[in-house]
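Here are my notes on this model. Please read them with the structure open.

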Amino acid sequence: MAKRMREKKEARLENKDMRPRATASFVRMSPSKVARVLDGIRGKKYREALAILDLAPYYSAEEIKAVMNSAAANAEHNLGLNKDDLYVAECYANSGATLKRMMPRAKGRGVRILKRTSHITVVLDTVK
């Protein structure tokens with residue numbers, strides 16, 4: 001059962017992705033609305049992506065900007081990287097828990113309303 005646990009642990013640590021990242025969990029927005037903003041910043045430099053998010057007319061841009069700033073702070077503090085050398089390597093929004101609510105309708109019926117949440121992840125990397 002516990003065969004080669006130490007070797008497996010070392011192999012996992014060796015293959016671990018060491019790029020700076022940040023995640024915001026259970027953000028009260030649907031993943032599709034977040035994804036359209038993330039598509040606009042994927043592959044851009046950090047400063048350019050921040051400028052795009054400042055001018056984006058979407059509510060999700062503020063949440064994404066906070067996650068990007070957190071990832072840049074992780075890069076600077078934990079790995080000693082410079083913010084000017086960073087770019088957005090990966091960014092995606094996965095679906096989180098869905099809150100189920102009911103809305104009253106005519107004739108005593110009820111309709112289910114799905115209030116979706118998302119997990120936003122931003123992975124930065126250095127420009128080679």
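**Notes on the predicted chain**

1. The accessible surface of the chain is about 8800 Å², and 51% of it belongs to carbon and sulfur atoms. Accessible areas come from the Shrake-Rupley method with a 1.4 Å probe; for residues, only the protein chains shown count as cover.

2. This is a predicted model: local features need pLDDT of at least 70, side-chain atom pairs count only at pLDDT 80 or more, and totals for chains, interfaces and linings use all residues. Residues are numbered from 1 along each chain as its sequence is written, and side-chain values use heavy atoms, with hydrogens and water left out.

3. The chain has 4 helices and 5 strands. Their order along the sequence is α-β-α-α-α-β-β-β-β. Helices (H or I, at least four residues) and strands (E, at least two) are DSSP runs, numbered from the N terminus.

4. The radius of gyration of the chain is 19 Å, whereas a compact globule of 128 residues would have one near 14 Å. This radius is taken over C-alpha atoms; the globule rule is 2.2 Å times the number of residues to the power 0.38. Along the principal axes, the C-alpha atoms fill a box of roughly 65 × 50 × 20 Å.

5. Of the 128 residues in the chain, 28% are buried (under 20% relative accessible area, 1.4 Å probe, protein chains only).

6. D125 lies in strand β5 (residues 118–126). D125 counts as buried because its relative accessibility is 17%. Leaving aside residues up to four places away in sequence, D125 touches R19, D85, L86, Y87 and A89 (contact: heavy atoms within 4.5 Å).

Definitions and conventions. Buried means under 20% relative accessible area, exposed over 50%, partly exposed in between (1.4 Å probe, protein chains only).
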